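Here are some questions about the labels put on a protein structure. Each reply sets a value against its cut-off.

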Amino acid sequence: LMEGGYLPWKNKSVVVVDELEAVGKPLPPPPSGSEWFQEASGEWVLKQTESKDSPQALDREGDPNVVVHEVLPDDTLQGICLKYNVSASEVRRVNMFSGNSVHIKKTLIIPLCKGLTFAGKDSPSSQDALLHSFQSDTGESMIEARIYLEDNNWDLDAAIQAWKGDQHWQNKEQRDKLA
């Protein structure tokens, strides 16, 4: 080894912990959504529970290929991906966001199989696409786009027609004030 390299046996501050101290002591309580499981080797490991009652594991109605995950304050994209054994790019693709911040969403759709697509108008990706389409066609804010689309049951054409009607009314009101 080169001069100045780290040699663990020369480190005098190494503290040896006797694992026998832990024998007989109870395991700490498992985190929410987990339980302790003893493997055949006798080692205790944490396993995720399949509870349908917890908000982190709610199945999407009628679709066994996705899980709706409620984003908690201490959640990270990497942690969610590890929990559900899914890639970060799949989570980003399905939920239509970029970067690593999952806190921009209240819930995430977690695909349990690769390449999952959403076709219905109620899917998050379809709603986001409709919002962006409305926004680009009208120049309105995302909040206004959401209001018009929700009022028209996510029908883009009906929402744009309602917006045009409101614009026509607003222009008429402004003309009447000037006259």
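Q: Is D75 buried or exposed, and how far away is the nearest side chain of opposite charge?
A: D75 is buried. Buried means under 20% relative accessible area, exposed means over 50%, and partly exposed lies in between (1.4 Å probe, protein chains only). The nearest side chain of opposite charge is K83, 6.6 Å away. A salt bridge needs a side-chain nitrogen of Lys or Arg within 4 Å of a carboxyl oxygen of Asp or Glu. D75 therefore has no salt bridge.

Q: What kind of model is this, and which atoms and numbers are used?
A: The model is predicted: local features need pLDDT of at least 70, side-chain atom pairs count only at pLDDT 80 or more, and totals for chains, interfaces and linings use all residues. Residues are numbered from 1 along each chain as its sequence is written, and side-chain values use heavy atoms, with hydrogens and water left out.

Q: Where is D75, and what does its side chain reach?
A: D75 sits in the loop between β4 (63–70) and α1 (77–84). Helices (H or I, at least four residues) and strands (E, at least two) are DSSP runs, numbered from the N terminus. The D75 side chain makes a polar contact with the side chain of H69 at 2.7 Å. It also reaches the backbone nitrogen of L72 at 2.8 Å. A polar contact is a pair of N or O atoms within 3.5 Å; within protein, one must be able to donate a hydrogen and the other to accept it, and residues adjacent in sequence count only if both atoms are side-chain atoms.

Q: Which residues does D75 touch, not counting those up to four places away in sequence?
A: D75 touches H69, E70, I80, V102 and H103. Contact means heavy atoms within 4.5 Å.

Q: What makes E90 and R93 a salt bridge?
A: Their closest N and O atoms are 3.2 Å apart. Both residues lie in helix α2, 3 residues apart, about one turn of the helix. E90 has 10% relative accessibility, so E90 counts as buried. R93, at 37%, is partly exposed.

Q: Which residues of α2 are buried, and why are they said to line one face?
A: In α2 (residues 88–95) the buried residues are E90, V91, V94 and N95. Seen down the axis, they fall within an arc of 115°, so they line one face of the helix. The arc is that of the directions from the helix axis to the C-beta atoms.

Q: How many salt bridges does the whole structure hold?
A: The search finds 3. One of them joins R146 and E150 at 3.6 Å, N to O. These two are 4 residues apart in helix α4 (residues 142–151), about one helical turn. K172 and D176 form another, at 3.9 Å.

Q: Why are K172 and D176 called partly exposed?
A: K172 has 41% relative accessibility, so K172 counts as partly exposed. D176 has 45% and gets that label too.

Q: What makes F134 and Y148 a stacked pair?
A: The whole structure holds 1 aromatic pair. F134 and Y148 are 5.5 Å centre to centre, with 25° between the planes. Rings of Phe, Tyr and Trp (its six-membered ring) pair if their centres lie within 6.5 Å; planes under 30 degrees apart count as stacked, over 60 as edge-to-face and the rest as tilted.

Definitions and conventions
Lys, Arg positive; Asp, Glu negative; His and termini not counted.
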